[in-house]
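Let's take a walk through this structure together. Have a look at the sequence and the model first, and then we'll go stop by stop.

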Amino acid sequence: MSGYDVIGDVHGYADALERLLGAMGYREIDGAYRHPERTAVFLSDLIDRGPGQLRTLQIARAMVDAGSAQIVLGNHEFNAVAWATRNDVGEWCRPHTEKNRHQHAAFLGAVGEDSEQHRSWIEWFESLPMWLDLPGLRVVHACWHEPSMDDLGSAALTREAVTASRGTAIYDAVEILLKGPEIDLDGHSYVDKDGHVRDRARQRWWDPSATTLASAALIPGDATTESGEPFPPLPDDEPVDSIVSNRAVDRPVLYGHYWRSGSTPSIDNARAACLDWSIAGGGHLVAYRWTGESDLADANLVAVR
Ligand SMILES: [Mn+2]
């Protein structure tokens with residue numbers, strides 16, 4: 001095998017996935033897409049939202065079973081496990097609220113909630129690793145963070161991780177790896193599009209130069225102040241009390257999750273690239289074709305609409 005083709009968040013867009021695999025030279029043989037020289041890697045978030053839930057899952061699982069792909073767990077697959085798992089006091093690990101059900105509806109509708117098929121996909125999700133430490137390449141759904149990996153002990157998803165309570169080290173570790181780290185806005189707060197006041201923001205952990213609140217906080221473009229004004233820039237002289245070390249390392253990291261938008265997908269920097277370009281929001285499904293380089297390059301991105 002001569003390299004890895006790492007594929008961003010699919011969210012049930014099976015047609016786009018098949019076009020992307022075809023564009024990269026994968027062919028379906030004996031029920032699984034394969035490439036004569038390369039291995040695919042799924043960043044997951046295979047499910048929820050799009051019209052091809054089962055086809056997407058079948059394509060990915062057949063490739064993993066055939067050895068033509070590897071895969072890491074996404075937050076949507078983790079949430080699917082938590083939705084279907086009761087904790088030690090008998091409550092659902094992911095509460096069955098209307099909001100959570102709505103977010104999960106395409107998958108539940110496709111598999112049939114509580115069916116044999118539903119249980120078999122949950123078992124498969126439970127078998128997926130939370131990260132892949134490949135020779136020369138790091139792969140994780142949202143954020144590569146070694147202290148969180150140390151807290152978890154291994155990449156395998158455990159019942160302890162699924163049932164962990166908010167505020168525990170295990171809970172925080174799963175949140176950081178699968179949903180990404182957040183930073184405290186140090187007394188600042190903004191109002192999001194749903195009217196919620198937020199005093200924390202996602203951290204631009206992939207950018208080693210993001211060392212101040214202004215550069216490290218990912219504030220949505222439609223954020224406002226509490227009086228409805230456009231949210232002003234954060235201070236550019238306040239250092240970030242970051243839980244995530246964003247030092248540059250020599251091995252690149254590929255991740256998804258962040259709903260990037262734009263007409264031309266691009267890498268973040270030589271050592272980090274987000275491959276989620278919002279296929280479910282009318283954007284692109286993106287892969288990075290990695291062949292051993294320590295410096296990533298835009299030329300190795302492949303995108304389909
Ligand atoms: Mn995600």
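The manganese ion is held by four protein donors, D45 (OD), N75 (OD1), H141 (NE2) and H257 (ND1), which lie 2.1 to 2.3 Å from it. Donors here are N, O and S atoms within 2.8 Å of the metal (3.2 Å for Na, K and Ca), and water is not among the atoms, so sites may look incomplete. Keep in mind that this is a predicted model, where local features need pLDDT of at least 70 and side-chain atom pairs count only at pLDDT 80 or more, while totals for chains, interfaces and linings use all residues. Residues are numbered from 1 along each chain as its sequence is written, and side-chain values use heavy atoms, with hydrogens and water left out.

Along the chain, the donors of the manganese ion are spaced as D-x29-N-x65-H-x115-H. D45 sits in the loop between β4 (38-42) and α2 (53-66), and H257 in the loop between β13 (253-255) and β14 (272-274), so this pair ties together parts 212 residues apart in sequence. Those element names come from DSSP runs, numbered from the N terminus: helices are H or I with at least four residues, strands E with at least two. Both D45 and H257 are buried (under 20% relative accessible area; exposed is over 50%, partly exposed in between, with a 1.4 Å probe and protein chains only).

Next stop: a pair of helices. Helix α3 (residues 75-83) packs against helix α8 (residues 169-179) at an angle of about 140°, with the axes 9 Å apart. The axes are lines fitted to C-alpha atoms, for helices over the stretch in contact, and angles run from 0 to 180 degrees between N-to-C directions. What do N75, F78 and N79 in α3 meet in α8? They meet V174, L178 and K179, where contact means heavy atoms within 4.5 Å.

Now for two serines. S68 is in the loop between α2 and β5 (69-71), and S263 is in the loop between β13 and β14. Buried or exposed, which is S68? S68 is buried, with a relative accessible area of 6%, whereas S263 is exposed at 59%. Leaving aside residues up to four places away in sequence, S68 touches Y26, Y33, R34, T39, A40 and M63. The C-alpha atoms of S263 and R19 are 18 Å apart, although 244 residues separate the two in sequence.
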